[in-house]
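This report describes a ligand site and a charged pair in one structure. Please look at the sequence and the model before reading on.

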Amino acid sequence: MKNTDLGLLTTGSLTLQEIEGLLESALRFKSGDDVSKPLAGKSVALVFFNPSVRTRASMHVGIYELGGNAVVLEPGGTSWTLEHRTGAVMDSDKTEHVAEFVRVLERYCVAIGVRTFAALKNWEEERTDPILNAFARYASVPIINLESAMHHPCQSLADMLTIREKLGTGRKRVVLAWAWHPKPLPMAVPNSFALAAAQMGHDLVIAHPPGYDLDEELIENLGATVTNDIDAAFDGADVIYAKSWGSKQFYGKTDEDVATRAQYRSKWIVDEEKMSRTNSGVFMHCLPVRRNVIVTDAVIDSPASVVIDEAENRLHVQKAILARLLGG
Ligand code: CP
């Protein structure tokens, strides 16, 4: 029986009540009130096509703390290169198809986590999350998105938990602020942050330079205010969530994106002057972050910065996700 609808590809599949339930569960794990071991005797596969510190370490530790065992695989590194396209003639560089990879792994493991970034080459293709969805298509166990081309739900749930902890319940003015970075980056984190913030009922403002819009289909129903005015966006903010991402129009044309974004370097950075416009707001970033590029030392080292607590919350929220998916 297929039950990948029990996995987590995006928070879009969760109701507000389910998100609230996960946050409450995460807080019980964090406080030590919940020391249950729902993964005792079970293994979870973690498949990393891309590098990671927080996701890899926190998933590994979380699975251990729930009594389970993590099996980490790196296609093209410590495991075979993987093809995901249906009907592919595999006469080039790919050794194994996701069809066999997934169905073998689920004979050993009760769930599969997958990290597969956007390649930033073909927007129309990558926005459909083809690799993640290939895993979901062939799996009979829950698939957990550990950051795909379009979404990073574990990060956004940790972000929502952090906002709840730092600022309490209720509607906050939450600003997702594009920042300059020397090269274009995927938009999974900003997509998922925007989606989750809207699901939680926050007053969401998205600030980015012209041409750096997030996915229209995702954004159109979020009720967000979108602005190209970075200074005005900071006014009265309770949360500044900084992130850089690439322009959809330059997928496959990295040099054009790099040349275009150069004009935004000095202005689109989180600094003390901009933070002074906020409502004593907190500074958030998913990490890794480039200091004095995305955010100044003065801001990230200030009491307003909650980035380390935010990273810690990855552990607690992922334990809540694993317990919900696999604890039955
Ligand atoms: N925020 C985040 O996902 O960090 P890693 O890329 O280090 O896992």
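Glu24 and Arg164 form a salt bridge in which the closest N and O atoms are 3.9 Å apart, the term being used for a side-chain nitrogen of Lys or Arg within 4 Å of a carboxyl oxygen of Asp or Glu. This pair links distant parts of the chain, 140 residues apart, with Glu24 in helix α1 (residues 16–31) and Arg164 in helix α6 (residues 153–167); helices are DSSP runs of H or I with at least four residues, numbered from the N terminus. The structure holds 20 salt bridges.

## Basis of the model

The model is predicted, so that local features need pLDDT of at least 70 and side-chain atom pairs count only at pLDDT 80 or more, whereas totals for chains, interfaces and linings use all residues. Residues are numbered from 1 along each chain as its sequence is written, and side-chain values use heavy atoms, with hydrogens and water left out.

## The ligand and its surroundings

Among the polar contacts (N or O atoms within 3.5 Å), a backbone N or O atom of Val53 lies 2.7 Å from a ligand oxygen, while a polar side-chain atom of Arg314 lies 3.1 Å from an oxygen atom of the ligand.

Key
A polar contact is a pair of N or O atoms within 3.5 Å; within protein, one must be able to donate a hydrogen and the other to accept it, and residues adjacent in sequence count only if both atoms are side-chain atoms. Helices (H or I, at least four residues) and strands (E, at least two) are DSSP runs, numbered from the N terminus.
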